[in-house]
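Here are my notes on this model, as numbered points. Please read them with the structure open.

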Amino acid sequence: MPLGRWHGPAGREIRAGNEGQRRVTWYDNVFELIDMRSFSNLWYWIALAVVWSSASHWVLGVPFDLIARARRQGGLAEEDMRTLVGINTRRILYIARVAGLWVMGFAFFALTAMGMLGFWYGVEFAQAIFLIAAPMTLVAALSFRTSRQVARLGEAGDLHRLLVRHRFIVQAIGMTSIFVTSMWGMYQNMRIGALY
């Protein structure tokens with residue numbers, strides 16, 4: 001039986017026992033090791049967890065531990081919290097006033113493109129991006145709504161309750177999003193057979 005021959009990455013000749021056997025190149029090995037598919041890739045799930053833990057930790061740009069400390073102790077922590085909330089609230093409202101329609105239009109264009117590529121044309125990477133980005137647009141809209149409520153409350157309002165409620169809603173969106181993403185990812189892995 002004749003042997004197939006080709007040259008490896010270092011110029012060495014490699015022999016295969018079968019002429020019909022597929023050549024294995026270095027990037028085949030790398031892609032097999034890394035697994036470039038989205039839902040069977042560990043890095044995608046790590047990114048999903050980081051996105052949602054960050055979204056629930058930073059409430060209108062304020063770390064939640066500062067909000068909890070301000071609620072318990074008051075004083076300097078309360079001042080710091082109110083300062084940070086004021087800065088971030090004014091920033092969000094300014095962006096919405098100056099470029100809100102452009103940002104919203106671009107966001108919906110990108111989401112529509114990702115949704116069509118992912119669920120109509122079957123591009124798994126677009127599905128993965130859509131399943132992170134779509135719920136995050138809800139969080140952005142919620143942040144804008146909470147910023148308007150903070151601006152209406154003024155200095156004397158119960159800011160703690162508003163921020164805690166905002167965080168609770170973000171966590172509910174996050175849990176729903178992670179559940180839907182994991183169900184869809186498991187369905188895709190079973191359908192394609194990525195784990196075999």
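By class, which residues make up the lining of the largest cavity?

1. Cavity lining. The lining of the largest cavity has three nonpolar, three polar and two charged residues. Ala, Val, Leu, Ile, Met, Phe, Trp, Tyr, Cys and Pro count as nonpolar, Asp, Glu, Lys and Arg as charged, and the others, Gly among them, as polar. The lining residues are Leu142, Arg145, Thr146, Gln149, Leu162, Arg165, His166 and Ile169. Two or more of these come from each of α5 (124-153) and α6.

2. Basis. This is a predicted model, in which local features need pLDDT of at least 70 and side-chain atom pairs count only at pLDDT 80 or more, while totals for chains, interfaces and linings use all residues. Numbering starts from 1 along each chain as its sequence is written, and side-chain values use heavy atoms, with hydrogens and water left out.

3. Cavity size. The count is one cavity of 30 Å³ or more. The largest cavity holds about 40 Å³ of space. The search runs on a 1 Å grid over the protein atoms alone: a cavity is a set of points where a 1.4 Å probe fits but cannot get out, a pocket is an open set with protein on both sides within 12 Å along at least five of seven lines, and lining residues have an atom within 4 Å of a point. Points are joined across faces, edges and corners, and a volume is the space filled by probe spheres set on them.

4. Arg145. Arg145 belongs to helix α5 and is one of the residues lining the largest cavity. Is Arg145 buried or partly exposed? Arg145 counts as partly exposed because its relative accessibility is 43%; buried means under 20% relative accessible area, exposed over 50%, and partly exposed in between (1.4 Å probe, protein chains only).

5. Largest pocket. The largest pocket has about 700 Å³ of space. Of its 21 lining residues, Val103, Thr137, Ala140, Ala141 and Phe144 are the closest to its centre. Helix α4 (75-120) gives the largest share of the lining, eleven residues. Both α4 and α5 supply at least two. By class, the lining has 15 nonpolar, five polar and one charged residues.

6. Fold. The chain has six helices and four strands, in the order β-β-α-α-β-β-α-α-α-α from the N terminus. These are DSSP runs numbered from the N terminus: helices are H or I with at least four residues, strands E with at least two. Of the 196 residues, 32% count as buried.

7. Helix α5. α5 has 30 residues and spans 44 Å from first C-alpha to last, close to the 44 Å expected at 1.5 Å a residue. The expected span is 1.5 Å times one less than the number of residues. Just after α5, Gly154 has a positive phi of about 80 degrees.

8. Leu60. Leu60 sits in the loop between β3 (58-59) and β4 (62-63). Its phi is near 55 degrees, a positive value in a residue other than glycine. Most residues other than glycine have a negative phi. Leu60 counts as buried because its relative accessibility is 5%.

9. Thr181. Thr181 lies in helix α6 (residues 159-192). Thr181 counts as buried because its relative accessibility is 0%. Leaving out residues up to four places away in sequence, Thr181 touches Phe39, Tyr44, Trp45, Leu48 and Leu131, with contact meaning heavy atoms within 4.5 Å.
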